[in-house]
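This briefing looks at a pocket, a helix and some aromatic rings, in that order. Please keep the sequence and the 3D view at hand while reading.

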Amino acid sequence: MSYEFDFTEVIAAWPELLAALGDTLMLSALAMIIGMAVSVIGALGKTSGPAWLRWLINEYIELIRNTPLLIQIFLVYFGLPVLGLKLSSNEAALLALVVNVGAYGIEIIRAGIESIRKGQIEAGKALGLRPMQIFCLIILKPAIQAIYPSLTSLFIMLMLNTSVCSVIAASELTAVASNIQSRNFRSFEIYFVVTLLYLALSGFFWTIFTTIERRFLRQPAR
């Protein structure tokens, strides 16, 4: 083996990697926040909407869950301009991730809503609570407790999936790493460091999410 490892140029590009790390976190956070809004609306439509709306939401979920994220990104970035809507790389990446995470989030939130016993909802109605009060006071917190682990897993998956957006040159960690590699040809070194960064991000967020669950969401002992 004649290859000599040299991390000098990777260390020199550290400011670029840190900036890309911030872009990855921003993209992940925006996609998750907007995607959760889509998920809540979709879950409410699927559980209590009219038949045509439930059918439409089901078709959306099946379409997204049975096609690769890469194809969805290509469809948004290369397909929408045909319809007259041209997006930048970052905008297309955000839209594709929102559409993707929304489909998975709908099913997660729907399961949380349906885990609430109907007797609790009927008790809220008997007390004269309005539908929004019932949702916020009776449904929301127990539902979050039920689906919190799934939502945290969804965020980690979303954060890691941002790497796929490098194919359209969106501003994120993998795309910047590819640009650095094209300059110094140190493929192993740069992608080894990027792997460690993704591992560190995943470990950091798992720790944060676990701490939040333990302190605020864990069911009290009975």
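**Pocket, bent helix and ring pairs**

In this predicted model, the residues that line the largest pocket divide by class into 9 nonpolar, 2 polar and 4 charged. The volume of this largest pocket is about 480 Å³, and of the 15 residues that line it, those closest to its centre are Thr47, Ser48, Ile113, Ile121 and Ile139.

**Where the lining comes from**

- Two or more lining residues of the largest pocket come from each of helix H2 (14-48), helix H5 (89-114), helix H6 (118-126) and helix H7 (131-161).
- Among the elements, H7 gives the most to this lining, with 5 residues.

**The course of H7**

- Although H7 has 31 residues, its end C-alpha atoms are only 36 Å apart, which falls short of the 45 Å that a straight helix would reach at 1.5 Å a residue.
- A bend of about 55° is found in H7 at isoleucine 147, and proline 149 follows within four residues.

**Aromatic rings**

- The count of aromatic pairs comes to 9, and one of them is the edge-to-face pair of tyrosine 77 and phenylalanine 78, with 4.9 Å centre to centre and 75° between the planes.
- In that pair, tyrosine 77 is partly exposed, with a relative accessible area of 22%, whereas phenylalanine 78 counts as exposed at 51% relative accessibility.
- Elsewhere, Phe5, Phe7, Phe188 and Phe192 are linked into a cluster by ring pairs.

Definitions and conventions
Residues are numbered from 1 along each chain as its sequence is written. This is a predicted model: local features need pLDDT of at least 70, side-chain atom pairs count only at pLDDT 80 or more; totals for chains, interfaces and linings use all residues. Side-chain values use heavy atoms; hydrogens and water are left out. On a 1 Å grid over the protein atoms alone, a cavity is a set of points where a 1.4 Å probe fits but cannot get out, and a pocket is an open set with protein on both sides within 12 Å along at least five of seven lines; lining residues have an atom within 4 Å of a point. Grid points are joined across faces, edges and corners, and a volume is the space filled by probe spheres set on the points. Ala, Val, Leu, Ile, Met, Phe, Trp, Tyr, Cys and Pro count as nonpolar, Asp, Glu, Lys and Arg as charged, and the others, Gly among them, as polar. The expected span of a helix is 1.5 Å times one less than its number of residues. The bend at a residue is the angle between axes fitted to the seven residues ending there and the seven starting there. Rings of Phe, Tyr and Trp (its six-membered ring) pair if their centres lie within 6.5 Å; planes under 30 degrees apart count as stacked, over 60 as edge-to-face and the rest as tilted. Buried means under 20% relative accessible area, exposed over 50%, partly exposed in between (1.4 Å probe, protein chains only).
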